[in-house]
Every structure is written in structure tokens, then in C-alpha cells.
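Reader: Could we go through this structure together, starting with the ligand?

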Amino acid sequence: MSNADNASKSMTDIMALCKRRGFIFQASEIYGGVNGFWDYGPQGAQLKKNLRDAWWNDCVTNPPIGPDGDEVSIVGLDSCIIQNPKVWEASGHVGGFNDPMVDCKESKRRYRADHIMCICEDGDQEGLIFAYLEGDDESLAQARKKLDKNKKRKIEDDKLCTCAFLELSAEEWAITVGPDVKDPGSLTEPRAFNLMFKTYLGATATEDDIAYLRPETAQGIFINYKNVLDSTRVKVPFGIAQTGKAFRNEVTPRNFTFRSREFEQMEIEFFCHPEESRKWYEFWRDWRMSWWESLGLAGDNLLLREHDKDELAHYAKTGAGTSDIEYRFPFTAPGFGELEGVADRSNYDLKQHAEHGNTKLEYFDQERNERYLPNVIEPSAGLDRGVLSLLCEAYTPDPERPSKVYMKFNPRIAPTKAAVFPLVKKDGMPEIGKKLQTQLRKRFGAVDFDPKQSIGKRYARMDEVGCPYCFTIDGDTLTDQTVTVRDRDTLSQERIGIDKVEGFLAEKLSAE
Ligand code: ATP
């Protein structure tokens with residue numbers, strides 16, 4: 001089976017391996033679990049850290065070369081999960097706290113579900129359904145046009161009906177289209193309540209003490225934008241990067257960690273001159289796509305889906321756009337699920353915070369001798385979804401092996417880089433092995449040492465955690481100072497000098 005064949009991989013089998021080998025456990029398992037929450041075991045925590053570190057390294061510490069031929073300027077941030085609740089009023093997250101809301105995934109606009117209506121071909125709602133804002137004749141006319149165009153024929157008035165979005169079924173939601181966009185499927189199902197987790201600050205727990213767990217890391221960046229400008233020497237164009245937990249009280253958490261209530265994001269807010277939006281948008285979209293490819297998500301399983309920019313009314317001015325980097329998970333196959341969104345957010349967020357916070361957030365550009373609110377390009381990735389895609393991609397059934405399956409991780413993100421096995425627990429082999437492990441882990445991090453069980457079982461265990469190389473100390477090592485190297489993917493075994501192991505591993509790990 002090729003790795004691209006995700007449709008035939010079983011999520012039940014992948015989840016069983018994750019539990020068996022310590023990647024991911026159900027949170028609070030001994031109490032029956034808690035829906036939408038997952039804990040990472042020893043292998044999973046390391047895998048997640050490796051992915052987070054790779055992102056931080058490639059975005060912040062060693063940033064890519066930008067469209068102008070210079071290194072992109074990016075600085076890091078670590079803001080709080082809890083902020084002043086006014087942050088979430090300004091960002092639009094608190095509006096209509098108890099009302100069902102729908103989000104347009106393309107235009108990023110949010111509507112109250114009872115404020116928008118749908119239009120469909122006939123009374124039983126079987127036709128394509130489009131959205132318009134209630135009481136707005138112009139958007140009704142636009143919805144009509146979309147419906148006519150999509151059906152490639154005129155719909156007679158008496159065939160049309162309108163109904164409240166709240167009455168739609170899940171299938172019908174899947175074919176609705178937001179008022180500002182063209183393609184169906186842009187609206188989320190109504191969420192019956194605000195997705196933010198609420199808590200209280202201090203002991204009295206009155207309405208005045210309400211605070212929220214952040215639903216995205218992005219806002220922490222916007223509210224610190226001025227602090228960063230004032231405390232560093234960055235100049236527009238530049239970005240601020242942050243990784244961290246986000247919380248959403250999802251109505252229907254599902255598909256393993258794909259839709260969780262507690263998850264981690266890796267977000268960049270990149271500030272640029274409004275006229276340069278398109279250039280930076282295209283740069284980030286393409287670079288982020290190639291970054292995921294570089295970690296091994298390639299070929300048929302990865303898709304860059306550009307949203308139609310002509311339809312994005314409020315982006316039209318700048319000419320920028322929105323796209324999703326999507327992965328074909330076994331549970332979405334043959335379709336795809338979002339891994340990362342890259343969007344031009346215009347200057348919307350800075351404008352909101354300038355207004356609500358009564359602060360000046362304009363940037364004075366010395367080179368242009370111009371004062372302006374920068375536009376923002378946002379590449380926003382999910383760390384947990386990233387880990388899940390790496391797990392699904394790596395999962396490779398192989399009936400010929402004792403383990404019947406192995407995890408073909410790219411060595412850069414593999415949680416265990418190497419393993420050292422003394423063949424038997426005698427003749428000084430464990431001591432030689434332990435010494436080798438100590439030497440290797442200093443340089444490469446997670447290197448396993450396992451002196452017990454049959455060698456076959458030890459190899460099988462390493463295949464299931466996706467360890468790329470195993471080094472075995474045996475009787476010959478005692479006489480000629482060589483060890484056996486076993487390659488996870490080819491299963492080939494060769495002998496090399498024990499003093500060559502470090503160099504061998506350095507070369508192999510950096511080559512991939
Ligand atoms: P979706 O449409 O799947 O709900 P979204 O468009 O709301 O996602 P964003 O708000 O753009 O997601 O968040 C950016 C990234 O955060 C997503 O691409 C995804 O990787 C991750 N993410 C969002 N919600 C969740 C969740 N409930 N569980 C895990 N990851 C999530």
C-alpha cells in the first residue's frame with residue numbers, strides 16, 4: 001500500500017496504535033473520558049514538540065527568504081490565554097452571546113443564524129440553498145442570481161421558497177453558500193451558543209468577573225502589536241508568531257483530535273503595507289504549502305484550495321484572498337479537511353482594537369513617509385491537526401513485518417530518532433549500548449535503549465513508534481567494534497564501526 005492511499009487506512013487501527021504505543025490517550029480515561037479532550041503520551045508529546053519546534057525554527061529562528069529576496073522579518077510572542085473580555089468584544093467573538101451563530105469560512109464573517117434566511121428551489125428544500133441577509137433586497141436578488149446560475153436555468157418565483165437557517169438539516173448546510181461568496185459549503189452549521197469557554201476571575205464570581213479562554217491565539221498578537229513595534233527594531237513588513245492553546249466549546253467534537261475542545265494553534269500575523277497584501281498573501285500561501293510538503297505530507301493527500309477572490313467583497317479592495325491547506329484524512333477521504341488557513345484579514349482587527357481600545361495603532365512608515373494601518377496576512381495552522389496528519393500519513397500497513405504496520409515518519413519529526421539494543425544482557429553488551437545511547441542522545445535527543453525481549457520484538461516496537469534507525473550490539477561488537485544498523489523503511493541491515501554511528505546518524509537525519 002502506498003502512503004497516498006489514505007482512504008483505505010482505518011481510523012480505528014490508527015487510534016489503537018496511538019494508544020498502544022503512547023501517542024495519544026483519551027483524556028480522563030479512567031473516569032470514562034471527557035468528550036473533545038485528548039492527552040498526548042510520551043511518543044505523542046515528543047512528536048508534537050518536534051512539529052512545534054520545526055514550525056518555530058522555520059518561521060522565527062531561521063525564517064524563509066521572502067518575495068523581495070531578503071529573509072522575512074518575524075519575531076515571537078507568548079501571550080496569555082485569558083485577556084480582558086473587551087478583547088473578545090472588539091474581535092467580534094462575544095457578539096450575541098447566547099444566539100446561534102454561523103460562520104462564513106471564506107469571508108470570515110459571522111452571522112446570527114436567525115438573521116439570515118435561505119432560498120431554495122422548492123418547498124421540500126431539496127434544491128441548492130443559498131443565503132441572504134434578512135430584509136435586504138439586494139442580497140436576496142444576489143442569492144437568486146447565484147441559484148439561477150448554479151442550476152443553469154431560471155427558477156420561477158412560485159418554485160422558490162425561503163426558510164430560516166435554523167430549520168436546515170446537516171446535509172442542507174453542506175450545500176449552503178454565504179452571502180459574500182460563490183461556492184457552496186462556506187457556512188458552518190449554526191452553533192447554538194458561543195464557542196468560548198467562560199470563567200470567572202476572583203472569588204465573587206459575579207457577571208462583572210466573567211472572562212474567557214481564548215478561542216484563537218491571533219488576538220493576543222493584535223493587542224501586542226504596538227508593544228512589539230515599540231520594544232524591538234522591527235519595521236513593516238514584519239510578522240509576529242505565536243504557538244499556544246486555544247479553546248472552543250465545539251458542539252460536536254469528532255474525528256479523534258481533528259475537532260477538539262482544547263487544541264493548539266501555530267499562528268503568524270504578518271503586517272504589511274496595504275498595497276503589498278497580494279504579494280505577501282501569495283508568498284505565505286505558497287511557502288506554507290511547501291513547508292507541509294517538506295515534512296512528508298505530499299502528493300495526492302495535500303491540497304491547496306484557493307477561495308474565489310472575486311467573491312470576497314470586503315477583500316476586493318486589496319485584491320488579496322483566502323486559501324486553505326487541506327489534508328486527506330482517512331475520515332474525510334476522498335475529501336479533505338482543513339489543516340491551515342491562509343487569509344488576508346485586511347486591517348480589520350487592528351481597526352477594531354484601535355476603536356474599542358481607544359488607542360492609535362497606525363504605523364508611521366519612514367521610507368514612504370506615510371501613516372497607515374497595516375494589512376494583515378494570517379497563516380493559521382492547527383498543531384494537533386498537523387500531528388494527526390503526520391500520524392495518518394506515516395501509518396503504513398505491511399503484512400510482511402511482525403508488527404504488520406510501521407510508522408514512516410520523516411526523520412526530522414520522528415519522535416524517537418534512534419534505538420540502541422544489546423543483543424543479549426551479558427558479556428558487557430548492555431554497558432556498551434548504554435554508553436552509545438548516552439553519546440547519541442546528547443546530540444540527537446530522543447534515543448531509546450532497550451536491553452530486554454527478543455530482538456524481533458524490539459524491532460517491531462520501534463517500527464510502531466516510527467524510529468528510523470536501530471543499532472544492535474552483538475558478539476562481533478566485542479571483537480571488531482562494529483554494530484548492526486537496521487533501516488526502518490528498507491529493513492536492510494549493515495554493519496558499521498561503533499565510532500561511525502554518530503556520523504552515520506547525523507548524515508541520515510539531515511539528509512531527509
Ligand atoms: P473549522 O472550519 O474546521 O472549524 P476553522 O476555519 O474554524 O476550522 P480557524 O479558526 O481558521 O479554523 O483556526 C485555524 C486552525 O486551527 C485550523 O486550520 C485548524 O487546524 C485549527 N483548529 C480550529 N478548530 C479546531 C478544533 N476544534 N480542533 C483542532 N484544531 C482546530
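**The ligand and its surroundings**

Author: A polar side-chain atom of Arg 248 lies 2.9 Å from an oxygen atom of the ligand; a polar contact is a pair of N or O atoms within 3.5 Å. This is a predicted model, in which local features need pLDDT of at least 70 and side-chain atom pairs count only at pLDDT 80 or more, while totals for chains, interfaces and linings use all residues. Residues are numbered from 1 along each chain as its sequence is written, and side-chain values use heavy atoms, with hydrogens and water left out.

Reader: How far is the side chain of Gln 265 from an oxygen atom of the ligand?

Author: An N or O atom in the side chain of Gln 265 is 3.3 Å from a ligand oxygen atom.

Reader: And how much of the ligand does the protein bury?

Author: The protein buries 90% of the 580 Å² that the ligand exposes when taken alone, with areas from the Shrake-Rupley method and a 1.4 Å probe.

Reader: Changing topic, what stands opposite Gln 265 in the strands?

Author: Gly 244 stands opposite Gln 265 of E12. Strands E11 and E12 run antiparallel and are joined by 10 bridges; strands (E, at least two residues) and helices (H or I, at least four) are DSSP runs numbered from the N terminus, and two strands pair if DSSP finds at least two bridges between them.

Reader: Is helix H10 enclosed or open?

Author: Helix H10 is largely enclosed by the rest of the structure, because 12 of its 12 residues are buried, meaning under 20% relative accessible area (1.4 Å probe, protein chains only).

Key: Buried means under 20% relative accessible area, exposed over 50%, partly exposed in between (1.4 Å probe, protein chains only). A polar contact is a pair of N or O atoms within 3.5 Å; within protein, one must be able to donate a hydrogen and the other to accept it, and residues adjacent in sequence count only if both atoms are side-chain atoms.
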